[in-house]
Amino acid sequence: MRTKQAPIWLKDLVTSPSHKSVPYSMTNYISYDGVSPKYQCYLAAFSSIVEPTTFEKAVKDPRWVDAMQAEITALESNHTWDVVPLPDDKVSIVCKWMYKVNYKATGEVERFKARLVAKGYIQQKGIGYQETFSPVVKMVTVRTILAVAASEHWHIHQMDV
């Protein structure tokens with residue numbers, strides 16, 4: 001297994017004010033005294049939830065487990081994939097969970113969002129795939145469709161797929 005090492009440009013990054021080697025703690029320079037109580041609550045709520053970086057950390061919190069289950073349910077209901085046997089001469093594409101907390105404008109948690117992403121960068125053209133698909137639409141296409149819809153007086157509905 002490859003050992004992980006921080007990039008050289010991060011050598012001066014301070015990630016924890018309580019770390020023993022930090023000569024200048026941020027708490028010596030930052031104060032919340034001038035911040036309104038409402039914004040103090042927002043900051044406290046925003047900084048109290050830590051987004052997990054690994055599946056092992058996320059599976060310990062039922063909120064993230066629910067978010068992962070909702071993602072799997074959505075993928076299955078949209079028929080995103082079919083389960084098929086892997087040919088002997090092929091290697092499967094591994095996946096990774098990504099976690100994000102979505103907040104309302106008030107600072108309240110809107111939802112815990114988990115996304116299952118495929119590490120497609122390990123594929124090789126002609127071996128791992130024959131064609132590509134990108135679900136991102138170009139804005140010129142959106143403008144064209146909207147122009148046609150406006151000229152034809154079509155009703156437009158927005159969906160998040």
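Predicted model: local features only at pLDDT ≥ 70, side-chain atom pairs only at ≥ 80, totals over all residues.

Reader: Which residue forms a salt bridge with K100?

Author: The partner is E51, and the closest N and O atoms of the two are 3.8 Å apart. That value counts because the limit is within 4 Å. The two residues come from distant parts of the chain: K100 belongs to strand β1, whereas E51 sits in the loop between α1 and α2, 49 residues apart.

Reader: Is K100 buried or partly exposed?

Author: Buried means under 20% relative accessible area, and exposed means over 50%, with partly exposed in between. K100 has a relative accessibility of 46%, so K100 counts as partly exposed. E51, at 30%, is partly exposed as well.

Reader: What is the distance between the closest N and O atoms of R63 and D61?

Author: In that salt bridge the distance is 2.8 Å. R63 is partly exposed, with a relative accessible area of 41%, while D61 counts as buried at 17%.

Reader: Which side chain meets E71 in a salt bridge?

Author: It is that of R115, at 2.5 Å from N to O. This pair also links distant parts of the chain, since E71 lies in helix α3 and R115 in strand β2, 44 residues apart. E71 is buried, with a relative accessible area of 7%, but R115 is partly exposed at 37%.

Reader: Let us turn to the aromatic rings. How many aromatic pairs does the structure hold?

Author: There are two aromatic pairs. To name the geometry of a pair, one takes the angle between the ring planes: over 60 degrees counts as edge-to-face. For W64 and Y99 the planes stand at 70° and the ring centres are 5.4 Å apart, so the pair is edge-to-face. W64 lies in helix α3 and Y99 in strand β1, 35 residues apart.

Reader: At what angle do the planes of W64 and F112 stand?

Author: They stand at 90°, with centres 4.8 Å apart, so this pair is edge-to-face too. Because W64 is in helix α3 and F112 in strand β2, the pair ties together parts 48 residues apart in sequence. W64 counts as buried at 2% relative accessibility, and F112 counts as buried at 17%.

Reader: Which residues do the ring pairs link into a cluster?

Author: The cluster consists of W64, Y99 and F112.

Conventions. Residues numbered from 1 in each chain as written. Heavy atoms only, no water. Helix = DSSP H or I, 4+ residues; strand = E, 2+ residues; numbered from the N terminus. Buried < 20%, exposed > 50% of the residue type's maximum accessible area, 1.4 Å probe, protein only. Phe/Tyr/Trp six-rings, centres within 6.5 Å; stacked < 30°, edge-to-face > 60°.
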